[in-house]
Amino acid sequence: MQFLSASASASVSSPVTPSAHLLRLARPPPFPHLRRRCSPPRPLALTPRPPLLIASRPFLLFTPRAHGGHGHGHVHGHHEVDVHGGGGGAAVMRVARAIGWADVADALREHLQACCISLGLLLIAAACPHVALLNSVGRLQAALIAVAFPLVGVSAALDALVNIADGRINIHVLMALAAFASIFMGNALEGGLLLAMFNLAHIAEEYFTSKSMFDVRELKENHPEFALLLETSGEESVQFSNLSYTKVPVHDLEVGSHILVRAGEAVPVDGEVYQGSSTVTIEHLTGETKPLERTVGDAIPGGARNLEGMMIVKVTKSWEDSTLNRIVQLTEEGQLNKPKLQRWLDEFGEYYSRVVVALSLGVALLGPLLFKWPFFGNSGLMVAASPCALAVAPLAYATAISSLASKGILLKGGHVLDALSSCQSIAFDKTGTLTTGKLMCKAIEPIHGHLGVKNGHSNPSCCTPNCESEALAAAAAMEKGTTHPIGRAVLDHSVGKELPVVAVESFECLPGRGVAATLSGVKVRENENELSEASIGSVDYISSLYRSNGESEQIRAAAKSSAYGPEFIQAALSVDKKVTLFHFEDEPRSGVCEVISTLREKAKLRIMMLTGDHESSAHRVAKSVCIEEVHFSLKPEDKLNKVKAVSREGGGGLIMVGDGINDAPGLAAATVGMVLAQRASATAVAVADVLLLQDNICGVPFCIAKARQTTSLVKQSVALALTCIVFAALPSVLGFLPLWLTVLLHEGGTLLVCLNSIRALNAPTWSLVDDIRQLVDGLRNYFSSKFNSSSSNYVANTVPL
């Protein structure tokens with residue numbers, strides 16, 4: 001896959017660009033400093049990066065840094081605390097560890113069994129006054145509370161104390177203050193219920209969060225750490241009959257070395273099959289479910305699993321540039337690069353928590369004076385108004401990124417989803433995007449400057465051995481090593497033909513125009529020893545090289561009146577004022593019409609095609625794929641200007657889909673740039689926002705629909721979170737709700753937001769009506785399957801033996 005050659009600069013426009021080989025996901029305990037008690041010494045310190053998603057128990061992304069560095073970054077709820085440092089939190093931790101408090105808190109913190117036991121005991125205590133048998137046992141309620149409260153209160157008290165000592169006010173501090181304030185108000189039962197339900201809710205949040213994330217750790221864990229490096233001596237070729245290999249770390253593999261991949265093993269790095277053949281699967285990499293046949297000469301991505309047979313693979317890319325490493329890197333970067341709403345909530349959360357504490361104190365102190373409430377008699381506001389539900393609202397972004405990654409669509413950040421959902425237009429490049437890009441050379445036609453050109457044939461004495469062969473030899477020499485579809489077609493057409501030897505003395509690539517070179521070996525009139533000036537590119541480019549307007553017009557006219565008609569893709573070659581026309585044929589990709597129809601009818605997008613090809617070829621392809629708006633004969637700067645103009649006209653935004661280096665300016669200027677990563681140039685990958693790992697554009701509608709679904713879910717979650725806060729805070733302040741019911745409403749709202757967010761894992765729809773229909777169909781299928789299962793069991797149990 002060519003996109004893997006892009007460097008780490010592939011996210012130059014992103015706010016965070018971590019190094020690929022340093023990234024790794026971690027899921028630390030809620031207080032990282034408590035983990036140090038039992039962790040082995042490490043050569044590198046861990047520095048927290050911003051959370052993958054904004055939740056009160058976020059996953060953290062860690063990158064190693066050398067000792068002595070200074071990490072920074074805001075994380076909701078918990079921060080790395082230097083136990084040996086001099087901060088207030090460090091001092092509290094030293095005392096806690098000395099007396100054993102830290103060890104007990106570490107064992108009980110968000111422990112599922114402990115939380116369930118505590119909640120069960122507290123519920124029994126709540127039932128004591130209402131059940132005669134329990135009420136008859138003296139002090140049973142107090143004893144149950146005394147046992148249950150420490151199970152959830154020990155860790156909460158230490159967490160809150162450390163946070164306060166470090167000057168941090170967050171949701172954990174709010175909950176702890178409310179719970180322990182309830183003890184002094186004579187409501188220890190409600191305080192215990194608060195902490196138990198709070199911990200259970202956050203355990204559930206972590207579960208939903210982990211279900212929503214694309215597990216790049218699984219890719220890493222299943223990837224081989226070692227490879228079987230074949231040993232070769234000198235020029236000796238590698239053969240199955242004489243295999244000698246050494247087990248080496250995959251990071252030590254060098255480009256050009258040969259490795260052995262046996263049945264059932266994963267290909268460690270990108271390469272090409274050198275010997276053997278097999279069937280491989282890349283479903284876990286790109287979502288492509290169909291197994292692929294790979295034989296000698298075929299490219300094979302790192303991470304592909306060999307289903308059968310044995311292959312010798314020649315390494316073409318190092319581990320840092322391999323497919324799997326790039327997928328992991330871009331997915332992690334995408335989860336780090338947060339959208340605008342999520343960044344705002346990052347900054348908003350801590351200030352909001354401070355305001356809630358101030359308001360709670362104000363209500364506690366002013367309430368008795370204004371409304372004759374008891375002093376410090378109400379801690380519900382501190383619980384109800386905490387921003388927990390609001391903080392997890394952006395969970396849908398991370399869920400959507402994970403869903404897209406599982407389909408082979410990589411985003412360079414959650415902000416791309418917002419941009420995609422706002423776009424009103426989409427522009428496609430033609431060659432390699434709407435078409436297969438596998439051009440075939442159909443004809444070679446001398447059209448200008450050749451001696452005695454007549455009906456497409458020239459005088460035999462004009463070129464050696466003839467004009468067509470000499471032109472093909474010159475073009476093939478100039479296009480060696482190219483990635484452009486026309487260049488590849490020229491090289492393919494030259495294979496197996498007896499051509500004169502032509503050497504390139506100097507070379508210059510002109511993106512969007514063509515190639516210029518100095519050649520040796522071409523007959524220059526009567527002297528074959530002189531160097532020849534040659535250029536190959538579009539007809540307009542070649543004709544522009546002739547200073548005489550008359551000659552330029554003659555070349556254009558000859559190309560238009562070609563004996564092969566205007567339907568083919570044309571490229572012109574000029575060698576010492578002799579112009580030869582190459583005719584190529586390209587076919588539209590299968591399924592493109594359905595993609596265009598979906599984007600037009602469902603997404604309601606303005607659709608256009610931008611291409612550098614001439615008018616007749618552009619219109620032929622546009623007609624076959626049902627695109628009405630066509631812009632042809634565009635140079636890279638023309639595409640850039642068109643993209644900017646359409647973005648200004650539309651008022652929304654523009655999506656640009658391309659793959660070549662000539663598309664890079666337009667991809668960079670578009671609101672969202674998409675590339676077909678398998679064939680895209682490194683420059684195109686670097687400036688793009690979305691990488692389509694499958695070699696087709698069928699993922700474009702899915703990506704746009706997923707973006708619109710995600711932004712809709714985020715808006716719903718924010719509205720739901722604010723509603724829960726308002727409807728829980730006001731009745732609590734006015735005394736209509738007891739503390740335990742306030743907690744239930746608050747944590748219930750948080751869980752509802754989580755459940756709503758993970759709906760981003762569902763297949764996207766284009767409208768609310770489709771969304772409701774999908775939900776109804778899902779419920780109908782669920783109950784139908786349950787009913788059929790029950791009926792089958794009933795019949796099986798009633799049939800006599």
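Me: Why does Phe180 count as partly exposed?

Reply: Phe180 has 25% relative accessibility. Buried means under 20% relative accessible area, exposed over 50%, and partly exposed in between (1.4 Å probe, protein chains only); Phe180 therefore counts as partly exposed. The model is predicted: local features need pLDDT of at least 70, side-chain atom pairs count only at pLDDT 80 or more, and totals for chains, interfaces and linings use all residues. Residues are numbered from 1 along each chain as its sequence is written, and side-chain values use heavy atoms, with hydrogens and water left out.

Me: Why does Phe149 count as buried?

Reply: Phe149 has a relative accessibility of 9%, and the limit for buried is under 20%; Phe149 therefore counts as buried.

Me: How many aromatic pairs are there by the ring rule, and what makes the pair of Phe149 and Phe180 edge-to-face?

Reply: The count comes to 2 aromatic pairs. Phe149 and Phe180 have 5.5 Å centre to centre and 70° between the planes. Rings of Phe, Tyr and Trp (its six-membered ring) pair if their centres lie within 6.5 Å; planes under 30 degrees apart count as stacked, over 60 as edge-to-face and the rest as tilted. The pair of Phe149 and Phe180 is edge-to-face, and it links helix 6 (residues 140-165) with helix 7 (residues 171-184), the two residues being 31 residues apart. Helices (H or I, at least four residues) and strands (E, at least two) are DSSP runs, numbered from the N terminus.

Me: Why is the pair of Phe582 and Phe584 called stacked?

Reply: The ring centres of Phe582 and Phe584 are 6.3 Å apart and their planes stand at 10°, so the pair is stacked. Phe582 and Phe584 are both buried.

Me: What makes the charged end of Lys577 sit over the ring of Tyr546?

Reply: A charge sits over a ring if NZ of Lys or CZ of Arg is within 6 Å of the ring centre and within 35 degrees of the ring normal. The charged end of Lys577 is 4.8 Å from the centre of the Tyr546 ring and sits over it. Likewise, the charged end of Lys247 sits over the ring of Phe226, 5.2 Å from its centre.

Me: Why is His448 called buried, and which side chain does a polar contact join to that of His448?

Reply: His448, in strand 15 (residues 440-448), has a relative accessible area of 11% and is therefore buried. A polar contact of 3.3 Å joins its side chain to that of Glu551; the term requires a pair of N or O atoms within 3.5 Å, where, within protein, one must be able to donate a hydrogen and the other to accept it, and residues adjacent in sequence count only if both atoms are side-chain atoms.
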